[in-house]
Amino acid sequence: MNRNYLIRRLLIAVPSLLGISIVLYTVLALAPGDPFGELATNPNVPAEVRMALRAKFGLDDPIYLRYFHWLVAMIHGDWGFSFVSRVDVDTLILQRLPATLFVIGSAQLIAILVALPVGVLAGTRPYSVFDQIANTLAFVGFSLPTFFTGLLLILIFSIQLDWLPFVYRSDINAHGLQWVWEYIKQAIMPVTVLGLFQGASLVRYVRASVLDVARLDYVTTARSKGIGERRVITRHIVRTALIPVVTLVALQMPIVFSGAIVTEQIFRIPGIGSLLIASILANDTPVVMAVTFVFACLVVLFNLIADVLYGWLDPRIAFR
Amino acid sequence: MAAAGKEKARRFSPTLEAWRRFRRHKLAVVSAVILLLMVAAIAIGPLLWRVPINEIDFTAKLEGPSWNHPFGTDDLGQDVLARLIYGGRISLAVGLSAMAVACIVGMLVGALAGMSRGSVDAGLMWLTDLFLSLPQLPLLLLVIYLFRDGLKAVLGPEGGVFVMIVIVIGGLRWMPVARLVRAQILSIREKEFVEAARALGASRLRIVLNHILPNALGPVIVAGTIDVAAAIIAESTLSFLGLGFPPDIPTWGRVLFDAKDYLDIAPHWALFPGALIFLAVVSINFIGDGLRDALDPRRVL
């Protein structure tokens, strides 16, 4: 792992962030309607005031100038002001971000915990009964849309059995261990929904990767040296097979975010996904733009992490 | 000799061979049958099940499955089966059209990138990577939020939403196809038969259309199949979030969205559309898996 590689990766991330911001801004600029449309139709606002406001916000400038203004403001942390909540957008997002990251993080953890052993077992016994069952279940798992699994879990565990709450609350009236228990109880369903969906696709990647590695020569060498099968699998195969899986976990992030938006909406988790939906329904453009941009930044960040981890884990990668 | 003669008597064509391989994937065959049944049901269903989708009957609201209403009724007493048959048409149509958009854009970009070396290739691949790292659902929601009213005014509420959803879903899913096509072209264009065609004086366009693309089609078909499933999920997700089709167009996701608040008193209302989405998606995915086995001639079974 050398420093040049890291720096180069960081430098590649910058243009992709810029590219994403250009795409987002173009979408916004192409959209019909005007952020000041409300003012324009409001008879109490005189025309001069409207013109002054437009000039102040630079709405009559050419598009590339407006883009640069917007970009500079975003970089300075001036993300605008929510029309609906009357709060700065960045404080609003910072309030909501921990819940999202908590759910996504735990879901990834569960996905990995489920997918690793199942994928390795299936990959080391290809075409066995276990492999076929695991493969079929994985297919079923990632064909089940998160909104349907979420509703199913609510139906079974909240309505029929009444074990778990189906509304996520950030203000639990309890202290100490009781609080922790309540918090875990309300997180079980959303995390399971997301985790199983992620785990299902991960199983297939782990299996494919294990299959690829298991037929390499060094594995045969290890076996012929008389190393036990269990040791060959855990020490030789899995270690190498996990390298591409690490990358895939990070590259799956865009899909995880899509799932998180749906899950947050179903279980009413106060994260940035439900914030996005609420702002869309309330026509709160600054928040919508900022949340989309945050999602994009998170995706780029995770891609970066994937690349760096990959370079660190796999000595075969050349740092040119 | 007898065996060789028998071998010769058996006809072999790429299609036949693909079908023979496809048949080996039991789950894919079962899925194909299920999907065909679903398509048949939504195609001829309205002829057999003549209950209107918007007949409101408050005396029969939120009823469970019965002979009069096999899938039960919703909160307005509308027949869920009739609504799901109608919605299935839209959901599958969205899936197929979005897949077509994704494949066409992907093949165009991939072919352009694959055939032109240098900066065009690099630029297009940078664009592809950029699109791959866009957060799909947030962007989908953003575009729909911004363009919803404009397109509704131009194309009417139903057509506008349909066109927009198809274009947006297709426009965010072309990247895998583009990469596949480019990779295929890079390897195929160095093959001898392409060189032969070039030596005969075939133009670049002819080489791409007649010689390279047909050989690159297998992976594209597989990716396209899976895109149909992904597009169905994307449309259902949008409708489920209340941002897809309007309430009077009961796509499967929309029915689920309406039903989710009545989960405790009328679970059937949510279970049927959810099960249909799942069934459609899982069978399409299995068919894609079977096609992957069937369309790879190098694969030994």
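The model is predicted. Chain A holds 13 helices and zero strands, and chain B holds 12 helices and zero strands. The contact between them draws 38 residues from chain A and 36 residues from chain B.

**Composition of the chains**

- Read from the N terminus, the elements of chain A run α-α-α-α-α-α-α-α-α-α-α-α-α.
- In chain A, 36% of the 320 residues are buried.
- Of the contacts in chain A with a separation of 6 or more, 71% are between residues 24 or more positions apart.
- The pattern of chain B along its sequence is α-α-α-α-α-α-α-α-α-α-α-α.
- In chain B, 44% of the 301 residues are buried.
- Of the contacts in chain B between residues at least 6 apart in sequence, 70% join residues at least 24 apart.

**Confidence in chain A**

- Chain A has a mean pLDDT of 80, with 88% of its residues at 70 or more.
- Among the elements of chain A, the lowest mean pLDDT, 55, belongs to helix α2 (residues 37-41), and the highest, 89, to helix α9 (residues 217-224).

**The contact between the chains**

- The contact involves 38 residues of chain A and 36 residues of chain B.
- On the side of chain A that touches chain B, at least two residues each come from α1 (3-30), α6 (129-143), α7 (146-160), α11 (253-267), α12 (272-281) and α13 (285-313) of chain A.
- Helix α13(A) gives the largest share of that side, with eight residues.
- Sorted by class, the side of chain A that touches chain B comprises 29 nonpolar, nine polar and no charged residues.

**The nonpolar core**

- The largest nonpolar core has 159 residues.
- The residues with the most contacts inside this core come from both chains: L276(A), A290(A) and V291(A), together with L140(B), V177(B), A231(B) and V281(B).
- Beyond its neighbours within four places in sequence, A231(B) is in contact with V94(B), G95(B), A98(B), M99(B), I169(B) and R173(B).

**Helix α7 of chain A**

- Helix α7(A) has 15 residues and spans 20 Å from its first C-alpha to its last, close to the 21 Å expected at 1.5 Å a residue.
- A bend of about 25 degrees occurs in α7(A) at I154(A).
- The buried residues of α7(A) are T146(A), F147(A), F148(A), T149(A), G150(A), L151(A), L152(A), L153(A) and I154(A).
- These buried residues pack against α8 (176-214) and α11 of chain A, and also against α10 (204-240), α11 (252-259) and α12 (267-294) of chain B.
- After α7(A) comes D162(A), which has a positive phi near 60 degrees.

**Residue T237(B) in helix α10 of chain B**

- T237(B) lies in helix α10 of chain B.
- T237(B) counts as buried because 28 other C-beta atoms lie within 10 Å, against a cut-off of 20 or more.
- Apart from neighbours within four places in sequence, T237(B) is in contact with P145(A), F147(A) and V262(A) in chain A, and with L137(B) and G253(B) in chain B.
- The C-alpha atoms of T237(B) and L96(B) are 16 Å apart in space, while the two residues are 141 residues apart in sequence.

**Helix α9 of chain B**

- Helix α9 (residues 192-199) of chain B is hardly covered, since the count of buried residues among its eight residues is zero.
- Just after α9(B), G201(B) has a positive phi of about 90 degrees.

Key:
Residues numbered from 1 in each chain as written. Chains lettered and ligands numbered in written order. Predicted model: local features only at pLDDT ≥ 70, side-chain atom pairs only at ≥ 80, totals over all residues. Contact = placed C-beta atoms within 7 Å. Helix = DSSP H or I, 4+ residues; strand = E, 2+ residues; numbered from the N terminus. Nonpolar A, V, L, I, M, F, W, Y, C, P; charged D, E, K, R; others polar. Buried ≥ 20, exposed ≤ 12 C-beta atoms within 10 Å, placed from the backbone. Core = buried A, V, L, I, M, F, W, Y, C linked by C-beta atoms within 7 Å. pLDDT = per-residue confidence, 0-100. Expected span 1.5 Å × (residues − 1). Bend = angle between axes of the 7 residues up to and from the residue.
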